[in-house]
Amino acid sequence: MDMDSANSSGSVIVTMIPYLHFTGGDNLLFKSWHPSSHGAIAGASIALLVLAILERFLFATRSTLNARWRKSMLAMSAAHTSEDEGSPLNASGEPKDIHQVEELRSIEQLKSARRQRTIPPFSFSYDVSRGALYSLQALLGYALMLAVMTFQAAYVISIIAGLGIGEFLFGRFAGASL
């Protein structure tokens, strides 16, 4: 950022450089994080690289956990719906009466024709965890976006490199279906 002349009230007007640059002095996320030397810019770039890798890690973790939670919730839902209290079967799994054999066949046909649930039911522990992971991932995404908006080229290169490295390391887990 460039320092312009002071205005009449004694405060300093700070303007942003509206193009990609390698100069220091930009505020990065916080007013106190103001890297101006080459070493400070390198340190900030490394921190942004790590944040970008962490963002991809959170995405992969969230995707993997979503697949696992969805599978377990659908399995629990299927187990719950398969329990029939008014079943025409006895404890050994055979029809209670010979006349109920025809009724049993129609029930089996109805069960096979019934649509299976495709949306898992609400589970407080799973859904709160899923929401917290998404919120943390969104926070990192917005922080990275704000760093890019400084137009500091070293930050942009670091973020793109970090996202690429993170995708290389964790991308195969994001599409995993258990």
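A residue counts as buried under 20% relative accessible area, as exposed over 50%, and as partly exposed in between (1.4 Å probe, protein chains only). Tyr126 is partly exposed, with a relative accessible area of 24%. The model is predicted, so local features need pLDDT of at least 70 and side-chain atom pairs count only at pLDDT 80 or more, while totals for chains, interfaces and linings use all residues. Residues are numbered from 1 along each chain as its sequence is written, and side-chain values use heavy atoms, with hydrogens and water left out.

Rings of Phe, Tyr and Trp (its six-membered ring) pair if their centres lie within 6.5 Å; planes under 30 degrees apart count as stacked, over 60 as edge-to-face, and the rest as tilted. The whole structure holds 2 aromatic pairs. In one, the rings of Phe57 and Phe170 are edge-to-face, because their centres are 5.1 Å apart and their planes lie at 65°. Phe57 sits in helix 1 and Phe170 in helix 4, so this pair links distant parts of the chain, 113 residues apart. Helices (H or I, at least four residues) and strands (E, at least two) are DSSP runs, numbered from the N terminus. Phe57 is partly exposed, at 36% relative accessible area.

Trp69 and Tyr126 make a stacked pair, with 5.4 Å from centre to centre and 15° between the planes. Trp69 belongs to helix 1 and Tyr126 to helix 3, so the pair ties together parts 57 residues apart in sequence. Trp69 counts as buried, at 14% relative accessibility.

Now turn to the charged side chains. A salt bridge is a side-chain nitrogen of Lys or Arg within 4 Å of a carboxyl oxygen of Asp or Glu. The structure has 3 salt bridges. Arg56 bridges to Glu55, with the closest N and O atoms 3.0 Å apart. Both Arg56 and Glu55 are buried; for Arg56 the relative accessible area is 18%. Arg56 also bridges to Glu167, where the closest N and O atoms are 2.9 Å apart. Glu167 lies in helix 4 (residues 153-174) and Arg56 in helix 1, so this bridge ties together parts 111 residues apart in sequence. Glu167 is partly exposed, at 36% relative accessibility.

Arg130 and Asp127 form a salt bridge too, at 2.7 Å from N to O. The two are 3 residues apart in helix 3 (residues 124-148), so about one helical turn separates them. Shared partners join Glu55, Arg56 and Glu167 into one network of salt bridges. Arg130 is partly exposed, with 35% relative accessibility.

What happens to helix 4 at Phe168? Helix 4 has a kink of about 50° centred on Phe168. The bend at a residue is the angle between axes fitted to the seven residues ending there and the seven starting there. At the N-terminal end, Gln152 caps helix 4, with a side-chain oxygen 2.7 Å from the backbone nitrogen of Ala154. The buried residues of helix 4 include Ala154, Tyr155, Ile159 and Gly166.

Finish on the surface. Leu29, Phe30, Tyr142, Met145, Leu146 and Met149 form a nonpolar patch there, with about 620 Å² of accessible area together. Patches are made of residues with over 30% relative accessible area and no salt bridge; like charges are joined within 9 Å, and nonpolar side chains (Val, Leu, Ile, Met, Phe, Trp, Tyr) within 5 Å. Phe30 lies in the loop between strand 2 (12-15) and helix 1 (38-81). Phe30 counts as exposed, at 54% relative accessibility.

Notes. Areas by Shrake-Rupley, 256 points an atom, 1.4 Å probe, with all protein chains shown as cover. Polar contact = N/O pair within 3.5 Å; in protein donor to acceptor, adjacent residues only side chain to side chain.
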